[in-house]
Amino acid sequence: MDFREPLSAAAALASGALAGFVLTNPRNRAWTINASDREIDRWISSQPTGVVVALVLAVIAVGGLQRSGSRRVSWLLAAVCAVILIGARWAVPGAGGVDTLIALHFAKTATAGFLLGAAVAAVWGRWASQLALILGVAGAFLLASVQKLPRGDAAYVEPASMSTSAIGEPPQWLLIGVLVLTLASAVLARSQFRMQRPERKTLLTALVGALGLALLNRLLGAWIDDQEFGEPLTVWLIVAFSLAVILGVTVLIGRRFPGIDGHFLLAATGVTAAAVLVLDDLRTPRVTTPAPALLAVGVVALVAGMAVAVRVPPKWRRPGWGLCLAAVVPLVATISPDFGNDGVALLLRLAVLGGGTGFALASALPGSAPVAVLGLALPFASLVFVAATTVPRSRVVYSGAPSEHRLPSSPASTAASDHLAGVAMLLVVAFCVYSLRERHSAPEGTAPLT
């Protein structure tokens, strides 16, 4: 029995999960460091910058590894990335200050970008391993925030440990697992199975797209963040403009890819928009749903969605159907923003989101590795979606403030912002579904899901 393919799939699953965990760095008001306001501002600013840099590095890694043509080299690079991340985890407790944490953060996110690129380059073209990699990355995107930082007994919200990330460091078992699996895959890789060769135009388009989307998400996301205390109408006009720019650029890039490979980019964008409101709920301290239940429901839903995409006839294998299912989440948020913030209802929302995400991504598998790595890294770098659903809903009113300095917020306006956040994300998903309506037949070279 040849166990190389299951081993490769396991390595892809673990590598995708580790890269996704490192790149998951949510907005969090419970800061993970004790420092001055200026130092905290620098730390907060470094978080999204590191993530968008990783988006570009992942595409660069795929291009370089595809030129080498060796799966063994790709797995060896992934193993080196695991060693670096293990070293970074050990270095965090001894960090002497914010500057050290920021340096470690950039080292980690850059390494995660190379790790994701190495995993994609190693497995793309072998559909079972492709699906395993997507499961690992999507699972980390949806569920990494379930891990909670250890906290002390203080009444105020303050973490008990320093970290480079708002969700803490990757678990030791995942780091060791990736190292072992990638080394084993490198040792057992067969030289006659060469990797997919790079297509110059596709690789260049993916690199330009990664640079453009990284810069736009960083700049537009920061622009929305700066409006936290602005007039509601101004904030929402900026949000609408930013979303329109991101979607327009995404469609433009997607159409430059061969065949229907660009559909993967739209599917990733759609599931990201559908997920942000659920992720915001998962990341709040008030959630009482047990972490094992959240993890079990999320993973089972993702696997089920992907399994259905594999088994349905080709004419039904359309990412738009998965996005329509995922769109139920922002639709519910539009109608009733407070529904499903905790308990069984939160599990139900997560199940719907996971099923739609698994179906959409598995149905839109691209034939080209650069397109795949761009789509897989994009959800973590979609800062505009995060800012658009958190900043307008985070205003507070200081009752003692003079009228000319009082923030234009109230319970009514907060509720309106919650509704508008749902509407905004629902429109983004609907736009992605509309943009996917064109050609549905798989292009030549796409790995079949059979």
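Analyst: Helices α2 and α14 are roughly antiparallel to each other, a label given to angles over 145 degrees, with under 35 counted as roughly parallel, 65 to 115 as roughly perpendicular and the rest as oblique. The axes of α2 (residues 37-68) and α14 (residues 369-381) cross at roughly 165 degrees and come within 9 Å. Axes here are lines fitted to C-alpha atoms, for helices over the stretch in contact, and angles run from 0 to 180 degrees between N-to-C directions. Helices are DSSP runs (H or I, at least four residues), numbered from the N terminus. The crossing of α2 with α14 is right-handed, meaning that the near helix is turned clockwise from the far one by less than a right angle.

On the α2 side, the contact (heavy atoms within 4.5 Å) is made by Val-51, Val-52, Leu-55, Ala-58, Val-59, Val-62 and Gln-66. On the α14 side, the residues include Pro-370, Val-373, Leu-374, Ala-377 and Phe-380. The contact of α2 with α14 divides into 14 nonpolar residues, one polar and no charged. Ala, Val, Leu, Ile, Met, Phe, Trp, Tyr, Cys and Pro count as nonpolar, Asp, Glu, Lys and Arg as charged, and the others, Gly among them, as polar.

The model is predicted: local features need pLDDT of at least 70 and side-chain atom pairs pLDDT 80 or more, while totals for chains, interfaces and linings use all residues. Residues are numbered from 1 along each chain as its sequence is written, and side-chain values use heavy atoms, with hydrogens and water left out.

Ser-382 lies in the loop between α14 and α15 (383-390). Ser-382 is buried, at a relative accessible area of 6%; buried means under 20%, exposed over 50% and partly exposed in between (1.4 Å probe, protein chains only). Apart from neighbours within four places in sequence, Ser-382 is in contact with Asn-217 and Thr-272.

A second pair, α5 and α13, packs at an angle of about 145 degrees with axes 11 Å apart, and the crossing is right-handed. Among the residues in this contact are Leu-131, Ile-134 and Ala-138 of α5 and Leu-350, Leu-353 and Thr-357 of α13. The contact of α5 with α13 divides into nine nonpolar residues, two polar and no charged.

The buried residues of α10 include Leu-294, Leu-302, Met-306 and Val-310.

How values were computed
Helix = DSSP H or I, 4+ residues; strand = E, 2+ residues; numbered from the N terminus.
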